[in-house]
Amino acid sequence: MTNTMNQAYFWACDIYNCQSNDVYLLSAKLATEITRLRFNQMTLGSVDDLPICLYQSSTLKNDLPSVLICAGFHGEEAAGPWGMLHFLQQLPDDILEHLNLSLLPLVNPSGFSNGQRFNLFGENPNRGFVLEQQQPRSNQYTSVEGKLLLQHAGLLAKLSRDGVLTCHEDVLLSATYLYSFESNCSPGTFSFSLRDALAQYFALAQDGYIDDCPVTNGMIFNHFDSSFESFLVKLGAKFGACTETPGQQNFDQRILANSAAMKAFIGLYKADY
């Protein structure tokens, strides 16, 4: 995606009666759901006095799928974190009895607060996740947030054992698409389920190229780079996906699409949800 670091993006959110960058309202509403659902909280660190929190099931059960959902890597992609709030508000109180579910709702709080893609240091929190001889490493592109995540790479690999979903947006487009990772040679049920969830809300991006990546049927398949989701798949996650909702569309609709993608992701592991 084209560098939008220096441009600020703000939208009015009718669902929550706020501006898209209201980090304090988002945090307060997330805290209510985290308490209701009885997640454990782990603060990985903070940037500009804003915490980066990981939430996880209080007890990980080996016989249950372990999946990780993340949002807010880029500050102008605000519908991801708000979509996670909407998703959590729909979850039943007993969800953690059926699934080892972990969450990173807002990886880049300084960018989110400023409505800007990168963090306050001008770093991209979704680059610089490197494996050297299967050992996590940072490089010159790793952000402050990325270094915090890399410090907990072993735990994050465990939490995403069966799948990882990161929720992004593309502010330059009016159509939707996703990156997906499977061990197959072509997309399967995992990829199509997430794509179809997005397609309920927006038209799919046309076949061609986005950021030099080939798009077919609304998907960029098995494109490995130094992004967080790619990193976790390399570490052993069975499935991975990065959804991209279109920033040129209505903000509330984008919230609902992100929530629906998360629901579809969970549904792949808990069929009756």
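Leaving aside its neighbours within four places in sequence, which residues is W82 in contact with? In this model, which is a predicted one, W82 touches Y16, C18, Q19, S20, D22, L25 and L26, and also F112, F251 and I255, once those sequence neighbours are set aside.

Let me go on to the core. W82 is among the residues with the most contacts inside the largest nonpolar core, which has 50 residues, and the others named with it are F39, I69, L88, L101, L103 and F265. The elements that each give two or more residues to this core are the helices α1, α2, α6 and α8, together with the strands β4, β5, β6 and β9, and the largest share, seven residues, comes from α8. Apart from this core lies another one, of 29 residues, including F73, L150, A153 and V233. As a general remark, nonpolar side chains tend to be buried together in soluble globular proteins.

Now please look at α6 and α8, whose axes come within 8 Å and cross at roughly 155 degrees. Since angles over 145 degrees count as roughly antiparallel, the two helices are therefore roughly antiparallel to each other, and the crossing of α6 past α8 is right-handed. On the α6 side, F190, S193, L194, A197 and L198 meet A257, A260, A261, A264 and F265 of α8, and these contact residues divide into nine nonpolar, one polar and no charged.

Beyond its neighbours within four places in sequence, E33 is in contact with L85, L88 and Q89.

Notes
Residues are numbered from 1 along each chain as its sequence is written. This is a predicted model: local features need pLDDT of at least 70, side-chain atom pairs count only at pLDDT 80 or more; totals for chains, interfaces and linings use all residues. Side-chain values use heavy atoms; hydrogens and water are left out. A nonpolar core is a set of buried Ala, Val, Leu, Ile, Met, Phe, Trp, Tyr and Cys residues joined through side-chain atoms within 4.5 Å. Buried means under 20% relative accessible area, exposed over 50%, partly exposed in between (1.4 Å probe, protein chains only). Helices (H or I, at least four residues) and strands (E, at least two) are DSSP runs, numbered from the N terminus. Contact means heavy atoms within 4.5 Å. Axes are lines fitted to C-alpha atoms, for helices over the stretch in contact, and angles run from 0 to 180 degrees between N-to-C directions. Angles under 35 degrees count as roughly parallel, over 145 as roughly antiparallel, 65 to 115 as roughly perpendicular and the rest as oblique. A crossing is left-handed if the near helix is turned anticlockwise from the far one by less than a right angle, and right-handed if clockwise. Ala, Val, Leu, Ile, Met, Phe, Trp, Tyr, Cys and Pro count as nonpolar, Asp, Glu, Lys and Arg as charged, and the others, Gly among them, as polar.
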